[in-house]
Amino acid sequence: MFKDSGEMQQIMDLLERAAGKPLPDWDVLRSSYQLRQFSKGENIFGAGEWQPYVYVVRTGIVKLTYLSEGGQEWIKSFIGEADFFACPNVLLAGLRTDYFATAVEQCEIEQVDYSEINKLIALHPDWQRAVRQLLEWHIVRKEQRERELLTMAPEERYQSFLKNYPAIASRIQLRDVAHYLGVTPEALSRIRKRIQT
């Protein structure tokens, strides 16, 4: 569902924080900007779609998931308020999405077309700096996630999850946390008991 709004507050805050200064020519983005609302459990997009957008969560939580051929869900990340997500496969390689973005709770999400951002990148070094910083944040987050999955025990991954997602950890179902950690809900329950004792 789309809601008409001229505001781009979360996107402006995110990109200007990334640039380290105010950015010019925001009117270029207004024509492609949308404020979207999603119910709990609703997909923002699915695998195999063309989604050339940058999204910033205004309210709520989004989970990004892969589905195996057998239908098993693997959660790659959670996105909370004031955080962003996009599909680099689409934006940088011209491919289709390969994962799902789903509302964990009722969400309000700001969306802007990346092609409009590209116009600003071509005009302004400050926009180049902002987008480069977003990509660097994304790469660092992805690298940390890979390191955790490959080198940490499940209990360490859970403690890292609590540290990295303090504002939203209590709002996520334990089944989803288990899928994020790569363990069963029963194993997560045992981990939680060990930590609490």
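Let's start with helix H1, where Gln10, Ile11, Met12, Leu14, Leu15, Ala18 and Ala19 are buried. Buried here means under 20% relative accessible area, with exposed over 50% and partly exposed in between, using a 1.4 Å probe and protein chains only. Helices (H or I, at least four residues) and strands (E, at least two) are DSSP runs, numbered from the N terminus.

Before I go on, a word on the source: this is a predicted model, where local features need pLDDT of at least 70 and side-chain atom pairs count only at pLDDT 80 or more, while totals for chains, interfaces and linings use all residues. Residues are numbered from 1 along each chain as its sequence is written, and side-chain values use heavy atoms, with hydrogens and water left out.

Back to H1. What covers its buried residues? The cover includes strand S4 (53-59), strand S7 (84-85), S9 and H5. Just after the helix comes Gly20, with a positive phi of about 80°.

Now look at H1 together with H5. The axes of H1 (residues 9-19) and H5 (residues 125-151) come within 7 Å and cross at roughly 95°. Axes are lines fitted to C-alpha atoms, for helices over the stretch in contact, and angles run from 0 to 180 degrees between N-to-C directions. That makes H1 roughly perpendicular to H5; the class covers 65 to 115 degrees, with under 35 roughly parallel, over 145 roughly antiparallel and the rest oblique. On the H1 side the contact, meaning heavy atoms within 4.5 Å, is made by Leu14, Leu15, Arg17, Ala18 and Ala19. From H5 come Asp126, Trp127, Arg129, Ala130, Gln133, Leu134 and Trp137. The residues of this contact divide into 8 nonpolar, 1 polar and 3 charged. In that count, Ala, Val, Leu, Ile, Met, Phe, Trp, Tyr, Cys and Pro are nonpolar, Asp, Glu, Lys and Arg are charged, and the others, Gly among them, are polar.

Next, the strands around S4. With 5 of its 7 residues buried, S4 is largely enclosed by the rest of the structure. S4 runs antiparallel to S9, joined by 6 bridges; two strands pair if DSSP finds at least two bridges between them. Val54 has Val112 of S9 as its bridge partner. S4 also pairs with S7 in the antiparallel sense, over 2 bridges, and there Val56 stands opposite Phe84.

Is Gln111 buried or exposed? At 2% relative accessibility, it counts as buried. Its side chain joins that of Arg36 in a polar contact of 2.8 Å. Such a contact is a pair of N or O atoms within 3.5 Å; within protein, one must be able to donate a hydrogen and the other to accept it, and residues adjacent in sequence count only if both atoms are side-chain atoms.

Let's move to another sheet. Here 4 strands form an open sheet in the order S3-S8-S5-S6, with antiparallel pairing. S3 and S6 (73-79) stand at the edges, each with a single partner strand, so one side of each is left without a neighbour in the sheet. Neighbouring strands are turned by 30° against each other on average, direction ignored. In S8, Ala101 is the bridge partner of Phe45, and Leu64 stands opposite Ala101 too.

Last stop, helix H7 (residues 174-181): its buried residues are Asp176, Val177, Ala178, Tyr180 and Leu181. They pack against S5, S6, H5, helix H6 (154-164) and helix H8 (185-196).
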